[in-house]
Amino acid sequence: MGEQVPRAGVKTAAKPAARAAAESAAKAAVKPAKSGAKLGAKPESRLAMVRRARRINRELAELYPYAHPELDFRNPFELLVATVLSAQTTDLRVNQTTPALFAAYPTPEDMAAAVPEELEELIRPTGFFRAKTKSLIGLSVALRDRFGGEVPGRLADLVTLPGVGRKTANVVLGNAFGVPGITVDTHFGRLVRRWKWTEQEDPEKVEAEIAAIFPKSEWTMLSHRVVFHGRRICHARRPACGACPIAPLCPAYGEGETDPEKARKLLKYEMGGQPGQRLSPPADYPGKPAPALGAG
């Protein structure tokens with residue numbers, strides 16, 4: 001499935017120039033990285049950190065010009081449901097599950113009237129299916145009864161829905177409504193701490209500190225770029241430091257594999273020549289679509 005709702009800062013149509021840039025960026029990711037960032041013996045000043053952070057964001061924009069949400073959706077309701085389902089599982093597994101789910105329950109009214117046991121069976125592959133079923137039916141009832149069957153476009157309203165926290169609300173606002181927001185998931189939090197942009201652990205405090213570094217217009221795309229980098233190169237256990245184009249700007253260079261050839265083998269998704277997480281990625285995505293559930 002592809003989005004029908006425009007995403008802030010992302011082109012929805014494929015263009016030769018965009019595809020060429022994406023292919024060039026993917027090739028750049030497997031070139032031997034330079035030595036790690038030399039930030040000096042002195043503590044980095046706030047101004048220097050902000051400049052470094054903004055440069056990292058610019059370089060990530062060149063590396064991932066096609067960055068996008070990795071959940072398939074066609075409208076705000078589908079994105080809201082998919083994001084709730086994505087807790088404690090992969091976006092791939094959600095994308096493999098939602099086609100049958102949305103065929104059965106295409107609207108909030110339909111899902112609000114769902115038989116819990118039948119909904120549970122449809123979303124079982126995503127894990128924690130009983131709790132998620134309760135949240136999905138609850139938020140669908142709320143949308144039907146309080147918002148006229150429409151997903152609200154305000155954070156204050158979204159966080160009142162069952163199973164919807166600030167992270168989920170920002171995903172929906174940024175990608176279905178074009179409202180800038182920073183999405184602090186595990187990848188985002190890990191990388192911004194690794195890059196010394198913040199020392200905070202609490203997601204809301206992380207969000208506030210990162211928001212102070214970047215202009216609001218960059219928030220949504222910054223979130224996509226950082227998450228893309230965390231999934232493809234800067235992994236939690238074995239970062240591919242030797243294949244990382246932003247290694248010269250990274251205070252944590254050397255925590256992972258620094259040998260270029262060994263690091264290249266750690267690259268994932270399109271950087272490693274493998275399918276992405278979406279069954280129906282945007283037209284400018286340079287990688288392969290993911291397989292449907294049961295297709296391999």
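N57 is buried, with a relative accessible area of 5% (buried means under 20% relative accessible area, with a 1.4 Å probe and protein chains only). This is a predicted model, in which local features need pLDDT of at least 70, side-chain atom pairs count only at pLDDT 80 or more, and totals for chains, interfaces and linings use all residues. Residues are numbered from 1 along each chain as its sequence is written, and side-chain values use heavy atoms, leaving out hydrogens and water.

You will find N57 in helix α2 (helices are DSSP runs of H or I, at least four residues, numbered from the N terminus). Its neighbours include F214, E218, L222 and R225, setting aside residues up to four places away in sequence; contact here means heavy atoms within 4.5 Å. With R225, the N57 side chain makes a side-chain polar contact at 2.9 Å.

In soluble globular proteins, nonpolar side chains tend to be buried together. Here the largest nonpolar core has 43 residues, and Y64, F188, W195, W197 and I210 have the most contacts inside it. At least two residues of this core come from each of α2 (46-63), α10 (186-194), α11 (203-211) and α12 (219-232).

Take I210 as a guide: I210 touches I182, F188, V192, W197, T198 and L222, not counting residues up to four places away in sequence. Another core, of 33 residues, lies apart from the largest one, and Y105, L143, F147 and A169 are among its members.

## A loop residue

A252 sits in the loop between α12 and α13 (260-264), and counts as buried at 7% relative accessibility.

Technical notes:
Core = buried A, V, L, I, M, F, W, Y, C linked by side-chain atoms within 4.5 Å. Buried < 20%, exposed > 50% of the residue type's maximum accessible area, 1.4 Å probe, protein only. Polar contact = N/O pair within 3.5 Å; in protein donor to acceptor, adjacent residues only side chain to side chain.
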